[in-house]
Amino acid sequence: MLDEPRDRRCRDHAHGAAAYSDRVGEHDEALRAAGLRATLPRRRVLEVLADRAHLTPDEIARAVPDRECGPVPPSTVYRALDALEGAGLVDHTHLDHGPPTYHLADHEGHLHLVCRTCGTVTELAAGLAADLAARLRRETGFDADLTHMAIHGRCASCADELHRKDPAT
């Protein structure tokens, strides 16, 4: 098998054993239900996002190296993410001015508190913004989707430190 072209080894392995994850069958089922083939890169991206949410495409690419086929190029990860998002299996959010971060679509709607000082991201239930969404609808007619929203400011630790240094802030 080692004499075979690289693509052939990868394709055979992708349809072979479920050694990579206990969730391989679950991922395959979700992919097929969404009308997508269960390719190795798509499986790997889902596997990584099942373990850790809110990763950038580059972080995902670094987390999905394939032992048999070598590293998965970032362009392949971007294509997989596009297909998975188009099929409703993953979502993305913009936490700052950098690249989007991705998570599984079944990851409940939530808000992100993003500290501008230390970069910490804290998740809170989206229901905390229900009053804001209702007020926007009532006053402007705008039907806001506040799930996966990022709110920028300072975490408690950084705010406390700033106030210790300058009590006037």
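## Core, helix packing and sheet

User: Which residues does Val90 touch, not counting residues up to four places away in sequence?

Analyst: This is a predicted model, in which local features need pLDDT of at least 70 and side-chain atom pairs count only at pLDDT 80 or more, whereas totals for chains, interfaces and linings use all residues. Residues are numbered from 1 along each chain as its sequence is written, and side-chain values use heavy atoms, with hydrogens and water left out. With contact taken as heavy atoms within 4.5 Å, and leaving aside residues up to four places away in sequence, the residues that Val90 touches are Leu46, Leu49, Leu81, Leu84, Glu85, Tyr102, His103, Leu104 and Ala105.

User: In the largest nonpolar core, which residues touch the most other members?

Analyst: A nonpolar core is a set of buried Ala, Val, Leu, Ile, Met, Phe, Trp, Tyr and Cys residues joined through side-chain atoms within 4.5 Å, where buried means under 20% relative accessible area, exposed over 50% and partly exposed in between (1.4 Å probe, protein chains only). In soluble globular proteins, nonpolar side chains tend to be buried together. Of the 21 residues in the largest core here, those touching the most other members are Val45, Leu49, Ile60, Val77, Leu81, Leu84 and Val90.

User: Which element gives the largest share of this core?

Analyst: Helices (H or I, at least four residues) and strands (E, at least two) are DSSP runs, numbered from the N terminus. Two or more core residues come from each of helix 3 (40-51), helix 4 (57-63), helix 5 (74-86) and strand 2 (101-104). The largest share, five residues, is given by helix 5.

User: Is Val77 buried or exposed?

Analyst: Val77 is found in helix 5, and its C-alpha atom is separated by 6.7 Å from that of Pro57, which lies 20 residues apart from it along the chain. Leaving aside residues up to four places away in sequence, Val77 touches Val45, Pro57, Ile60, Ala61, Val64 and Val72. Its relative accessible area is 1%, so Val77 counts as buried.

User: How are helix 3 and helix 5 placed relative to each other?

Analyst: Axes are lines fitted to C-alpha atoms, for helices over the stretch in contact, and angles run from 0 to 180 degrees between N-to-C directions; angles under 35 degrees count as roughly parallel, over 145 as roughly antiparallel, 65 to 115 as roughly perpendicular and the rest as oblique. Pro41, Arg42, Val45, Leu46 and Leu49 of helix 3 meet Thr76, Val77, Ala80, Leu81, Ala83 and Leu84 of helix 5. The two axes come within 9 Å and cross at roughly 80 degrees. Helix 3 and helix 5 are therefore, to each other, roughly perpendicular.

User: In which sense does strand 3 pair with strand 5?

Analyst: Strand 3 (residues 110-115) pairs with strand 4 in the antiparallel sense over five bridges, and Leu111 stands opposite Leu124 in strand 4. On the strand 5 side, Leu113 stands opposite Ile151. Five of the six residues of strand 3 are buried, so this strand is largely enclosed by the rest of the structure. With strand 5, over five bridges, strand 3 pairs in a sense that is parallel.

User: Which residue takes a positive phi in the hairpin of strand 3 and strand 4?

Analyst: This hairpin has five residues between its strands. The residue in the hairpin with a positive phi, near 85 degrees, is Gly119.

User: Is Asp106 buried or exposed?

Analyst: Asp106 has its place in the loop between strand 2 and strand 3, and its C-alpha atom is separated by 9.3 Å from that of Gly88, 18 residues apart along the chain. In strand 2 itself lies Thr101, which counts as buried at 6% relative accessibility. At 65% relative accessibility, Asp106 counts as exposed.

Note on methods. Two strands pair if DSSP finds at least two bridges between them.
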